Structure formats: C-alpha cells, structure tokens
Amino acid sequence: MKTNKINVIVVIGAGSIGLAIARRVSAGKLILLADLKKEHAAMAAKTLSEAGFEVSTAIVNISSRLSIQDLVKTATAIGNITGLIHAAGVSPSQAPPATILKVDLYGTAVILEEFGQVIEQGGAGVVIASQSGHRLPALTPEQDKALATTPAEELLSLPMLQPHQIKDSLQAYQLSKRGNSLRVKAEAVRWGKRGARINTISPGIIITPLAKDELAGPRGDGYRRMIEISAVGRAGTPDEIGNVGALLMGRDGAFITGSDFLMDGGVTSAYWYGELAPKTE
C-alpha cells in the first residue's frame, strides 16, 4: 500500500530571515535546515525544535553544485519538497568579489536549477535577494537576459562579470542580487510547468548578524545614513520579512510568481529620488 510522504520545507541558510519565514509556513511539515556550518544549523534547529517544529539538519556549500545535489537527495529521501527558502549568502564586507559572485550569483542559479527539478506541484519558493540589486543602474536588455538565462555553469564566464569589469565587492554584490531577481523571473517559467511558484524578496537593512557586520564595517556610516534618511526611519526586522515570505509561499499568494518584492523602508526611493540621490553637476 502506498504511504503518503511527509512534506518538506528546505531552508538554506540558518540565519534570522530564513528562520522567520520558516516559522510561518512549516507547521505540520518537516524543516530541512541546511547551512555551511554545522554548529549554526544545530543551534537554529534546537530553537525551532523547542518551538514545536520537526527539524533535520544538513551541511551545504552553495558554491558547489555537487553539494547542492547532495542536499536535494537528502531532502527527496525524506519526503516531498513543497517549499524552498533560500537565505544563504555573503555580504560585501565578508568576502572579495570572486567569492560573492560564486556564492551569491552562481550558487543561487544552481539552487534554482536543481530544486526546480524536484519541487512538488503546488510548491513555492522564496529567494532572499537585497535592496542592493535595486541600487545598480539599469543594465542592457542583453545583460539582463544573460544574467537571467545563462546556464549556471557558464554564468561566471560572462564578459560583464570578469575581474576587470568588477571594481569592488559592493558592485559584485549588487550584480549578484540583481541577477538573483532576474534569475527568479526566468525560473518562474520553468517552475510553473511543474505547477510551482518562485519569487524573491529584496530586503533593506534588516537587523541580523550579517547586517551588524556591515554596520561595523567600512560602510557602516553609509548604512546608518540610509536608515536615517529612509521614509520609515528605522531598520527592519526578520519578522517583517517573514510576513511577506509567508504570503508568497502560502495560499494567499497563489497568483504571485516571478516577482521581486523590495522591502527597504524607502531607502531605494531616497537613493533615486530623495536626499541619498547621487549629486549631478
């Protein structure tokens, strides 16, 4: 007799934002929590378990396709993958340009390719991008299409991503996050053929350990300025991102796919049209 397999929510990255979404969408399901560091996954799993969730952990290096494929095998061995929350990555203060492109851009492309082959009908995914992707000037249509559709194994060979074209870690991060939202827009077509949905959220300054690294780093003054000038006048919280993530992954978001949701308290608006706008002669 055929038995019903458990529904699995795969969470990549044991950080505050991914966990905030997971807590809202994982009741009655199993959370497979994957992180590069075993101790981070174990600590987050303990917190979730004590809150009543069923949790398993795994190690994953998202810059490696083999590692991502191993995670897919682990997840499918447990049950049906009905949700994906991808919230792993590195920030401009944490890594050089090449690492940022490998992890944040290439890694996300591979995750979307691999999980797009196994996501269940009716399933949904959320990728955490960044407001930084909206801070980048417009690319050409050809560059947009290249970031969106180039096979992952060829992605880092694009002329626009070569070392002489990338001036610093911030630009690499902006390109990666713009690439994430473009990639999701294209992947929504393929995921849709399986009856599944995929979207991105582009958070602004959310108080997490990663944000604290940035606030304490060389760009800290700029970050504080962004918070002060923004329309909301404060940083955000993981729970606020979690609320939108739950909408996108749930029944109420069933008509939303291939979309990017900018949640930055108005920082990007201030950057393009307000007091943060670059001065022109």
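This is a predicted model: local features need pLDDT of at least 70, side-chain atom pairs count only at pLDDT 80 or more; totals for chains, interfaces and linings use all residues.
Residues are numbered from 1 along each chain as its sequence is written. Local features need pLDDT of at least 70, side-chain atom pairs count only at pLDDT 80 or more, totals for chains, interfaces and linings use all residues, and side-chain values use heavy atoms, with hydrogens and water left out.

**Exercise 1. Work out the span that helix α3 (residues 65–78) should have.**

Start with the helix itself, a DSSP run (H or I, at least four residues; strands are E, at least two) numbered from the N terminus. The expected span is 1.5 Å times one less than the number of residues. For the 14 residues of α3 this gives 20 Å, and the end C-alpha atoms are 20 Å apart, so the two agree.

**Exercise 2. Find which residues of α3 are buried, and what they pack against.**

Take buried as under 20% relative accessible area, exposed as over 50% and partly exposed as in between (1.4 Å probe, protein chains only). The buried set is Arg65, Ser67, Ile68, Leu71, Val72 and Ala75. Finally, turn to the face away from the buried side, where the exposed Leu66, Lys73 and Ala77 sit.

**Exercise 3. Decide whether Ser132 is buried or exposed.**

First locate Ser132 in helix α5 (residues 132–135). Its relative accessibility is 7%, so Ser132 counts as buried. Then, leaving aside neighbours within four places in sequence, Ser132 contacts Leu170, Tyr173 and Gln174.

Technical notes. Contact means heavy atoms within 4.5 Å.
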